[in-house]
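Got the viewer open and the sequence beside it? Let's take a walk through the model, one selection at a time.

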Amino acid sequence: MAGRSPGMYLAYITQVLVGFNVLIALLFKPSDVVIGTILFLIGLAIYLFSWKTKIHFPWFVYFLTSLAILIHVSGYIQERYITFVNWDILAHTVSGTIVALIGFLVILFLDKIQKYNLDPSFIAFFIVLFGMGCEYIWEIWEFFMDTFFGGSLAGLMQPNNADTMTDMIFVLIASLIVAIGCYFYLRHYKKEEIFNTMVKDSSYLKI
């Protein structure tokens with residue numbers, strides 16, 4: 001789970017590919033440089049957070065975060081949202097997975113800090129609610145962009161109701177898979193062990 005995990009190199013490579021897309025935008029699509037740079041910085045934020053706080057998440061959290069950003073940024077800059085019919089579904093599925101994992105980390109930290117002593121079933125339920133809640137907010141954002149700005153750089157974000165419902169269904173599936181996985185993970189490993197492994201090098205969380 002530490003920064004030297006072999007899986008972290010995959011995360012680093014994926015984040016570098018995000019930066020490569022920004023370079024493509026600089027050379028060939030200057031209009032996408034701003035959105036590309038913003039997405040790159042969003043992806044970089046989790047690495048900077050871990051470097052600053054010494055809180056180390058599992059490697060796949062970094063990887064999936066960078067992967068979700070890569071899918072979105074290449075969707076805009078390389079126009080994959082237009083070229084590939086199901087690119088938006090892929091983007092929502094991967095993003096839904098990382099959001100659900102973030103929900104797991106949020107409830108894990110709250111459980112430890114606030115001493116809630118939550119059981120695995122409630123944590124799994126929270127993960128699904130967190131994932132779907134974030135997806136609901138995102139769909140509102142897409143509706144707002146379409147209504148007031150005519151969509152994103154790739155066109156309308158919600159061309160029809162079927163598109164919206166498809167996105168929500170795939171995020172639900174991703175959230176359920178993460179929730180089930182975390183449930184069985186917590187059945188085999190104690191919450192305290194997972195938490196302490198992430199914060200063992202940090203001076204910010206010594207509980």
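Here are a few stops, with what to select at each.

Before you click, note that this is a predicted model, where local features need pLDDT of at least 70, side-chain atom pairs count only at pLDDT 80 or more, and totals for chains, interfaces and linings use all residues. Residues are numbered from 1 along each chain as its sequence is written, and side-chain values use heavy atoms, with hydrogens and water left out.

**Stop one: a residue in helix 1.** Select Gln15, which sits in helix 1, residues 6-28. (Helices here are DSSP runs of H or I with at least four residues, numbered from the N terminus.) Is Gln15 buried or exposed? Its relative accessibility is 6%, so it counts as buried (buried means under 20% relative accessible area, exposed over 50%, partly exposed in between, with a 1.4 Å probe and protein chains only). Now show its contacts (heavy atoms within 4.5 Å): leaving aside neighbours within four places in sequence, Gln15 meets Phe40, Gly43, Leu44, Tyr47 and Ser66.

**Stop two: Ala25.** Helix 1 also holds Ala25, which is buried at a relative accessible area of 0%. Not counting residues up to four places away in sequence, Ala25 touches Pro30, Asp32, Val33 and Ile77.

**Stop three: two packed helices.** Colour helix 3 (residues 59-77) and helix 5 (residues 87-114): they pack at about 150°, with axes 9 Å apart. (Axes are lines fitted to C-alpha atoms, for helices over the stretch in contact, and angles run from 0 to 180 degrees between N-to-C directions.) That angle makes helix 3 roughly antiparallel to helix 5, a label for angles over 145 degrees.

**Last stop: the rings.** How many aromatic pairs does a search of the whole structure find? There are 16 aromatic pairs (rings of Phe, Tyr and Trp, taking its six-membered ring, pair if their centres lie within 6.5 Å). Zoom in on Trp141 and Phe144: their ring centres are 5.9 Å apart and the planes at 20°, so this pair is stacked, the word for planes under 30 degrees apart. Trp141 is partly exposed at 40% relative accessibility, and Phe144 is partly exposed at 35%. Finish by selecting Tyr9, Tyr12, Tyr47, Phe49, Phe57 and Tyr62, which form one aromatic cluster.

Conventions. Parallel < 35°, antiparallel > 145°, perpendicular 65-115°, else oblique. Phe/Tyr/Trp six-rings, centres within 6.5 Å; stacked < 30°, edge-to-face > 60°.
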